[in-house]
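Colleague: Walk me through this one, please. I'd like to start with the charged pairs and then move on to the packing and the backbone.

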Amino acid sequence: MDSMILIRQRNTLSEYMILSGADNHPPMLDKDLYDSWKSIMELYMQNREHGIMILESVEHGPLIWPTIEENRVIRTKKYAELSATEKYQADCDMKAINIILQGLPTDIYSLVNHHRVAKDLWEKVQLLMQGTSLIKQERECKLYDAFDKFAHIKGESLHQYYLRFT
């Protein structure tokens with residue numbers, strides 16, 4: 001009886017882990033379903049703390065760090081010198097990059113991980129996936145064309161026709 005309860009607890013725990021993992025980790029990109037992944041990623045980003053700021057970083061670019069003048073020299077403010085809102089935005093810029101990178105398979109990750117701006121990273125992934133989509137559409141068109149032209153050759157047996165078709 002105790003083993004039955006233990007087994008049920010494991011199933012419940014694993015189900016709970018799967019459900020909670022969906023919220024704790026961004027969805028992984030499936031190259032054939034880029035448009036769906038993009039929509040889900042946008043929703044995932046919005047659902048994070050300060051999600052609107054994260055999404056704005058992806059869509060409009062990072063915080064332009066303010067400058068100050070010291071001894072007649074203009075320099076960029078250090079993180080500690082930023083206002084609370086600016087610090088949130090700087091943090092959200094980094095979170096946006098991390099979220100996007102975590103949702104990429106290793107082959108795509110290795111092509112884009114050098115980008116340090118979420119907007120650039122997002123656009124590069126989109127560009128890569130559009131190329132993949134065009135190649136897929138081209139292959140699909142060629143297959144449909146070959147299928148349309150596929151016909152029985154005079155004198156060919158049904159078995160030969162089937163083998164050629166497969």
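Modeller: One definition before we start: a salt bridge here is a side-chain nitrogen of Lys or Arg within 4 Å of a carboxyl oxygen of Asp or Glu. This is a predicted model, so local features need pLDDT of at least 70 and side-chain atom pairs count only at pLDDT 80 or more, while totals for chains, interfaces and linings use all residues. Residues are numbered from 1 along each chain as its sequence is written, and side-chain values use heavy atoms, with hydrogens and water left out.

Colleague: How many salt bridges does the rule give?

Modeller: One of them brings the side chains of Arg75 and Glu70 together at 3.1 Å, N to O. By the rule, the count of salt bridges comes to seven.

Colleague: How far apart in the chain are Asp107 and Lys31, which form a pair?

Modeller: Asp107 and Lys31 form a salt bridge with their closest N and O atoms 2.1 Å apart. Asp107 sits in helix α5 (residues 106-112) and Lys31 in the loop between α1 (2-24) and α2 (34-47); helices (H or I, at least four residues) and strands (E, at least two) are DSSP runs, numbered from the N terminus. The pair thus links distant parts of the chain, with a separation of 76 residues.

Colleague: Is Lys142 buried or exposed?

Modeller: Lys142 pairs with Glu138 in a salt bridge, closest N to O 3.5 Å, and both lie in helix α6 (residues 118-149), four residues apart, about one turn of the helix. The scale is relative accessible area: buried is under 20%, exposed over 50%, partly exposed in between (1.4 Å probe, protein chains only). Glu138, with 46%, is partly exposed. Lys142 has 55%, so it counts as exposed.

Colleague: Which residues do shared partners join into one network?

Modeller: Take Glu138 again, partly exposed at 46%. Elsewhere, salt bridges with shared partners make one network out of Glu70, Arg75 and Glu81.

Colleague: Which residues of α2 and α3 make the contact?

Modeller: Contact means heavy atoms within 4.5 Å. From α2 come Glu42, Met45 and Gln46, and from α3 come Gly51, Ile54, Leu55 and Val58.

Colleague: Is His115 buried or exposed?

Modeller: His115 lies in the loop between α5 and α6. Not counting residues up to four places away in sequence, His115 touches Ile97, Asp120, Leu121 and Lys124. Its relative accessible area is 18%, so His115 is buried.

Colleague: And Glu156: which residues is it in contact with?

Modeller: Glu156 is in the loop between α6 and α7 (158-165), and at 15% relative accessibility it counts as buried. Neighbours within four places in sequence aside, the contacts of Glu156 are Tyr161 and Arg164.

Colleague: Now the backbone: what phi does Arg72 have?

Modeller: Most residues other than glycine have a negative phi, and most peptide bonds are trans. Arg72 sits in the loop between β1 (67-70) and β2 (73-76) and is exposed at 80% relative accessibility. Though not a glycine, Arg72 has a positive phi near 65°.

Colleague: What about the phi of His50?

Modeller: His50 is in the loop between α2 and α3, and at 28% relative accessibility it is partly exposed. His50 is not a glycine either, yet its phi is positive, at about 60°.

Colleague: Last one: what pattern does the chain follow?

Modeller: The chain has seven helices and two strands. Of its 166 residues, 23% count as buried. Along the sequence, the pattern reads α-α-α-β-β-α-α-α-α.
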